[in-house]
Amino acid sequence: MSTVRRAAVLGSPIAHSLSPVLHRAAYARLGLGHWSYDRFEVDEAGLPGFVEGLDSSWAGLSLTMPLKRAVIPLLDEITVTAASVEAVNTVVLTEDGRRTGDNTDIPGMIAALRERGVEKVESAAVLGAGATASSALAALAEICTGPVTAFVRSRERGDEMRGWGDRLGVDVRVADWGRAGEGLHAPLVIATTPAGTTDSLAAAVPAAPGTLFDVLYEPWPTALASRWSSAGAPVVGGLDLLVHQAVLQVEQMTGLDAPLAVMRTAGEAALAAREG
């Protein structure tokens, strides 16, 4: 009999997380009947106790907000990728209790773009300046050879993005959110803002846009993504990111090649069921 292995996603709120759907689909295809993947509502205050209570059956954790930074002091080590943005979304646990933190959002973004044929760009625009924007800059450090313009709502946010740019080796230029429509002319536009924020920009989509990466997946498509698609240009969505980062998590936790297509199909079906 195989030893029971456990994994889960933690965060607050967590009820709508698609991670269990994606990971369980992978386990089913890989024949990992002895593996389970659950979700737990855990906030920053409850995180230390949760982590300390994990036994040797645990293989890994997926972390969403607000835990990606809070978990770092609880770990034995973090990867260079996670350290670059001070954010961990993946914890791999060994049977001897060692905890290693990683960030699969960044390589997940790169993989999702590569899937749409985007390998290198000469410049890019980032809409927003939250936690996801720093991951976007880290991804752009790998694929963008020129400047990145960040469209933000405040000077403080602009300073933060410049700081991340300096740290990551990205030439970040800051512009006021009121000019965000101009950013849609960039070869690659990454929208990192909450639902509804970019709706007013849809009318500003150029006739022949480049590639849009909109990190939202619900509701989908966003007004911006819909207009972009209507222009016949490539759109990478939040589900693409979610699936690619989850693929990397499954591989790190199980040591097996994750079934990308199976996981994407499961995610699409889950979202369709919610809309229905």
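Predicted model: local features only at pLDDT ≥ 70, side-chain atom pairs only at ≥ 80, totals over all residues.
Trainee: Which strands are the edge strands of the open sheet with mixed pairing?

Mentor: That sheet has six strands, placed in the order β2-β1-β3-β5-β6-β4. An edge strand here pairs on one side only, and the two that do so are β2 (35-41) and β4 (77-78).

Trainee: What is the bridge partner of glutamate 77 in β6?

Mentor: Strand β4, which spans 77-78, is joined by two bridges to strand β6 (residues 99-102), and these strands run parallel. Within β6, the residue that partners glutamate 77 is threonine 100.

Trainee: What angle does the direction of helix α1 make with that of β2?

Mentor: Helix α1 (residues 19-30) packs on this sheet, where it touches β1 (5-11), β2 and β3 (58-63). Between the direction of the helix and that of β2, the angle is about 175 degrees.

Trainee: Which residue in β11 does alanine 191 stand opposite?

Mentor: Alanine 191 of β10 is the bridge partner of leucine 127, in keeping with the parallel pairing of β7 (residues 124-127) and β10 over three bridges. β10 also pairs in the parallel sense with strand β11 (residues 211-214), over four bridges. In β11, alanine 191 stands opposite aspartate 214.

Trainee: Which helix gives the largest share of the lining of the second largest pocket?

Mentor: The second largest pocket holds about 190 Å³ of space and is lined by 13 residues, with Trp220, Gly237, Leu239, Glu268 and Leu271 nearest its centre. The elements giving two or more residues to this lining are α9 (238-254) and α10 (260-275). The largest share, four residues, comes from α10.

Trainee: How many charged residues are in the lining of the second largest pocket?

Mentor: Sorted by class, the lining of this pocket has seven nonpolar and two polar residues. The number of charged residues is four.

How values were computed. Residues numbered from 1 in each chain as written. Heavy atoms only, no water. Pairing = 2+ DSSP bridges. Contact = heavy atoms within 4.5 Å. Axes fitted to C-alpha atoms, helices over the stretch in contact; angles between N-to-C directions. 1 Å grid on protein atoms, 1.4 Å probe; cavity = no way out; pocket = protein on both sides within 12 Å on 5 of 7 lines; lining within 4 Å. Points joined across faces, edges and corners; volume = space filled by probe spheres on them. Nonpolar A, V, L, I, M, F, W, Y, C, P; charged D, E, K, R; others polar.
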